[in-house]
Amino acid sequence: MSEAAAKPVHRDEVVNTVEDKGYGVIEKPLSVWERLLDNGVFRKSVMLILLALVWEAYARWSGNPLLFPTFVATVQAFFNGILTGTLLHATWTSISLLLQGYAAGLLIAALFTAFASATRVGADLLETLTSMFNPLPSIALLPLSMIWFGLGNASIIFVLIHAVLWAVALNTHSGFRSVSLTWRMVGRNYGLTGLRYVCKILIPGAFPSILTGMKIGWAFAWRTLIAAELVFGSSSGSGGLGWYIFQNKNMLDIPNVFAGLLTVILFGLLVENLIFRVVEQRTIGRWGMQI
């Protein structure tokens, strides 16, 4: 056996050899394609483009624009609605109502959760009310809200509060109950009590559940709003996206109907990826509570 073969190779020599070639000890530069595949925005954009192509292909294959307009015709109707201002007005009307109902629902959910976390009676009350009302579709309360509050925005806000309240309260209360006992003991050892204990221990520990409840409540409120506006959007003076869709359906302007639906979808994607995702990254992701 030669001396070169018999001579042991030290680890430092291997590391230096690898580093001399421009690589880290355990790292390897990714190719352009691998970096693109690792980018969530790129992957989702490709998916959306593929869905648009499938939409366009199916619409051209069916050949009936009254039943299913092409993606190109829908986009044209979408931009025409923006330029004329009708779609923008309808969108703003819906968003303003949605924010009012969502904020009110979050506030009431916080009060219910605080009462449930403070007393056993409150916990029993929240569990009972959630079991009763959470399975009840919000739109089913619309006839009653019309009787109680009339044909106005208050009726829509009432059903929006119902859509948001129970999902947020249930998830928040469940999150509080699942906070680690170790976290609770650390908070007590530091002398945290009352509001400081809730803000520094319970809310951070339960935030994944709280955020999930907020996402569910937002989705429920959004679909409830569109359904309510389809029923009496114009009578209430709102003229939101639901009424925009219903009105164009009556005029057999199907591209505008799909443009209204596309607006609902785009706004949902915007809220999910630019609001909830950013909040999730800056809280749950930064705290190491998510893989």
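Student: Before we start, what do buried, exposed and partly exposed mean here?

Tutor: Buried means under 20% relative accessible area, exposed over 50%, and partly exposed in between (1.4 Å probe, protein chains only). This is a predicted model: local features need pLDDT of at least 70, side-chain atom pairs count only at pLDDT 80 or more, and totals for chains, interfaces and linings use all residues. Residues are numbered from 1 along each chain as its sequence is written, and side-chain values use heavy atoms, with hydrogens and water left out.

Student: OK. How many helices and strands are there?

Tutor: The protein has 13 helices and zero strands. Both are DSSP runs numbered from the N terminus (helices: H or I, at least four residues; strands: E, at least two).

Student: And what share of the residues is buried?

Tutor: Of the 291 residues, 34% count as buried.

Student: Switching to charges. How many salt bridges turn up?

Tutor: Five, in a search of the whole structure. A salt bridge here is a side-chain nitrogen of Lys or Arg within 4 Å of a carboxyl oxygen of Asp or Glu.

Student: Which residue does R177 pair with?

Tutor: E127, with the closest N and O atoms 3.0 Å apart. The pair links distant parts of the chain: R177 sits in helix α9 and E127 in helix α7 (residues 120-133), 50 residues apart.

Student: Is R177 buried or exposed?

Tutor: R177 has 57% relative accessibility, so it counts as exposed. E127 is at 35%, so it is partly exposed.

Student: What about K215, what's its partner?

Tutor: E272, with the closest N and O atoms 3.7 Å apart. K215 is in helix α11 (residues 194-232) and E272 in helix α13, 57 residues apart.

Student: Which residue does E280 meet in a salt bridge?

Tutor: R277, at 3.8 Å, N to O. Both lie in helix α13, three residues apart, about one turn of the helix. Salt bridges that share partners join K215, E272, R277 and E280 into one network.

Student: Is E280 buried or exposed?

Tutor: Buried, because its relative accessible area is 14%. R277, at 28%, is partly exposed.

Student: New topic. How do α6 and α9 cross?

Tutor: The axes of α6 (residues 86-118) and α9 (residues 153-177) come within 7 Å and cross at roughly 40°. Axes are lines fitted to C-alpha atoms, for helices over the stretch in contact, with angles from 0 to 180 degrees between N-to-C directions.
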